Amino acid sequence: MPPPLILPLSRCTNPALAGGKAVGLARLLSCGFAVPPGICITTEAYCHSLKGLGLDAEKDWELAMGLPEAERNALLLDRQSRIRALNISDLAAQCLTALRTLSASPETLPTTRWAVRSSATNEDAGHSSFAGLYRTQLGIPTDLLDTAITDLWASLWDERVLQYTTERDPSRSAPSMAVIIQPMLDPIAAGVAYSVHPITGRSFQIVVNAVPGLAAPLVEGQATPDQYVVQIGADRQPVWIRRRTIAHKSSRLAVTEEGLRHKPIPESDRERPSLSDEQLFELARTAKEVERAFGFPVDLEWAIDSGTLWILQARPITGIRPSAEFTNDDCEWSRTNLKETMPDLPSPLGLSFMERFMEEHIVAPYRRLGCRVPTGLSSTRVLYGRPYLNVTLFYMLQAQLRSDPSLLSEHMGGEPIAAPPPEEPLGWPAFLRAGLLMVMEMRRAVVHGPTWFAEMKRMAEQCGPQHIGRLSLHESLARLENLSAWIRTHELTFGIAGGVAQCLQVLNRLLPRWLGPDWRALSNAALQGQGTVISAQQILRLADLVHIARHEAAASTFFTANPWNASGFRETLKGTAFLRAFDAYLEDYGHRGVGESDIMSPRLADNPEAVLAVLRTQLGAASSEPDDILARQARVRAEALHEIKRRMGWRKHRWWIYLWWHRRLCRFFALREANRHHLMYFSSAIRRLLLHAGDLLASQGILDDRDDVFFMTLQETIELAEGKKHDWRSVIRARRLERAHNARVHPPDTIRDWETARVGLAASDDHDRSDLLSGVPISAGIATGPVRVLRSPNDWASVQAGEILAVPVIDPGMAPLFGIAGGVIAEMGGTLSHGAIIAREYGIPTVANVRGALSLLKDGHIVRLDAGAGTVQLTQPTHRSSTA
């Protein structure tokens, strides 16, 4: 039986008979994808017609491949003209008969417009696609189908086709041409979609080009499309639009009764996207589904009409190697955690210290556990002078260790990751090894922590002003290196953070089932008033100072003076019990400060007047006595523990399990804050050494000012110590100018497309303008009162008792304010932040990670802060306050 001349698309399974494109469409149909109905004129019809002309395709093709260019072109043009002159009216009539069987309305066939597409035997193959080389005829009327068919046959004999074939496989025989005929669609949008990034090969990104109307202007390079990059999650589902570039559009190509016509687009619609987000996500899902069905990355031509996404073609993407490896540009980044402990614009030296710390003391320990850190990924990155954490990397590391990485945003703060990366957990032997090493890290922190903390304080005291005043520049930098070398071998942050995270992971799994929906509020309340968190103890020390000032006449007179001036306080308060207690407080906490992880940041001891201003506010308010604070904390803790035990009921083992993990969590929380407290002794000592070195360098004319030393990097300080000659003054002046520029830029706290953010195209945060804001509960309690927005320590003096502080982050250096504030609302932050631990220990109602808080809340707004529920209700802008 001879091969058929015409086949319905659904039966086109033989590439030699139907060509690559028709076989691809048949495969799409068999998988359930929407493909416009149609027929295929097979290669048998093409070969039969050529034989009628007396042409031998194989012989002519081989001859053309060996001829000089001029003779080859003459031969090809002759074959094209002879093929176009063919009379195929009988074949065209058979096509109409076949099309009638597919049409729901056969009577409309005479007025139907058709799409006539090539389907060559070498087209859309895995090794080469021949994209754009063969002809496609759109909007063809029924009476011209025969002409369109012969035109496509003739397009096979084109110089570009011959050259493309020869370059890829000179031994290949002559291709044959099948032709696809389908009714024209009149789409609202059309274009192409790539199931992997066509340039980088990233398998987790889909690229879409779209235009309104038909896609012919796009395919022919006559229109600039809207361009989208859609991020795909581990489940192969689209999760967010990574990049969206919308083109200006003046017209669209449409199907009319007269054929294809360009129709003008109304002025108001010319900047609108061609696709809605819903349509874009449907297209992205379909692209991945086709890829999965075909078994290789695909390039789709598609069109969307009033209700259907149609696939017009699916061919392999050739010339790239798909890759699931992430680069820094593919990762999501957040300022969370770093923003809590560093100023908005850290110094270059502070950033340099931070980068070294993260690599040596956070990422390197993960590697020692056996975790895979993809080549080229860094833990931190800087944009406009602001440091960002690589959220994607830490998600990967948590997933490898079989932890729940979805808790990252809760523990660290910031927005949840939008596109979770696919990551295989460690195999069980490797996981057990990692667990053993992690237990050793935790044990090391518990055993050595107190001794090493004391040694850190002792070493820092040896760098006091009385000990370093006579040091030379070389001696100062050498002592700085000695401190750094000691901390490299005695750093405990990774083990302590692991202990905290381990406890929280366990409690997050157990308590929702054991306690119910308010488990978090109960757990936070049970953590109050342990008395072991050193950072929170300073609040009690401040309350002691208020108590002394209230009962000592000289101190009371000093604080109640009006007008009040804190300068000269030492002379005024000389010999008082208050001054002695205040100096003791500065001895223990003066090395702390706002943005204290940056060594450029001033410490409390550098500006004691700011602390005195807070104490004066507390004196003027009905602040609690230290014993009352302790009693309140103990009562809240006891009530929470009693309620937790009651809910455990007869399941006594649950209570003992909880108690064990609760006590372990308290121990590691205390260690975490003690570690930071003593690291800040080190930081303060390094700051003093650097300022001393800055004085020496400025006296030698190497720097303009002592603070210039903070505008160098760690590597540059080494080069300076080695005597390397350089125009450091010019370098630092340039960096100061760059810092001033960066101060005028406001990059987002979360970056999901680094390139867009880098060029300044990141869109402004689209905050929900509802009166009800939500975030992560940090410390239980309910407070109602006026808002006080704090953006820097300069705003401290304006804080009044009972006000609810709205802050970018819960900076540990803000602890002195907790004694007078009614509550805290933080725009970023998580349950593991240092400030959160202090707020929870003190028991002040606190909610963190409240997106858009600083743009929505203004001084004087009355809010109801429900820290147990994690909500902030905006009521009215008046100035009454109460606390519950």
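This is a predicted model: local features need pLDDT of at least 70, side-chain atom pairs count only at pLDDT 80 or more; totals for chains, interfaces and linings use all residues.

Biologist: How should I think about charged side chains, and how many salt bridges does a search of the whole structure find?

Modeller: Side chains of opposite charge can pair when their charged atoms come close. Here the search of the whole structure gives 50 salt bridges. One of them joins the side chains of Arg 202 and Asp 330, with N and O 2.9 Å apart. Arg 202 sits in the loop between strand E6 and strand E7, while Asp 330 sits in the loop between strand E13 and strand E14, so the pair ties together parts that are 128 residues apart in sequence.

Biologist: Are Arg 202 and Asp 330 buried or exposed?

Modeller: Arg 202 is buried, and Asp 330 is buried as well. A further case is the salt bridge between Asp 749 and Lys 339, whose closest N and O atoms are 3.0 Å apart. Because Asp 749 lies in the loop between helix H27 and strand E17, and Lys 339 lies in helix H10, this pair ties together parts that are 410 residues apart in sequence. Asp 749 and Lys 339 are both buried.

Biologist: Which pair could I set beside those, with its side chains meeting at 2.7 Å, N to O?

Modeller: That is the salt bridge of Arg 729 and Asp 704. The pair links Arg 729 in helix H27 with Asp 704 in the loop between helix H25 and helix H26, 25 residues apart. Arg 729 is partly exposed, at a relative accessible area of 33%, and Asp 704 is also partly exposed, at 37%. Salt bridges can also share partners, and in this way Arg 335, Lys 339, Asp 344, Arg 386 and Asp 749 are joined into one network.

Biologist: Turning to the cysteines, how many disulfides does the search find?

Modeller: The search of the whole structure finds zero disulfides. Take Cys 31, for which the closest cysteine sulfur, in Cys 12, is 15 Å away and therefore too far for a bond. Cys 31 is partly exposed, with a relative accessible area of 38%. Cys 331 is likewise in no disulfide, since its nearest cysteine sulfur, that of Cys 371, is 16 Å away. Cys 331 is buried, at 0% relative accessible area.

Biologist: Where is Phe 559 placed, and what is Phe 559 in contact with, leaving aside its neighbours within four places in sequence?

Modeller: Phe 559 belongs to helix H20, which covers residues 553–560, and is buried, with a relative accessible area of 2%. With those sequence neighbours left aside, its contacts include Trp 564, Phe 578, Leu 615 and Arg 616.

Conventions
Residues are numbered from 1 along each chain as its sequence is written. Side-chain values use heavy atoms; hydrogens and water are left out. A salt bridge is a side-chain nitrogen of Lys or Arg within 4 Å of a carboxyl oxygen of Asp or Glu. Helices (H or I, at least four residues) and strands (E, at least two) are DSSP runs, numbered from the N terminus. Buried means under 20% relative accessible area, exposed over 50%, partly exposed in between (1.4 Å probe, protein chains only). Contact means heavy atoms within 4.5 Å. A disulfide is a pair of cysteine sulfur atoms within 2.5 Å.
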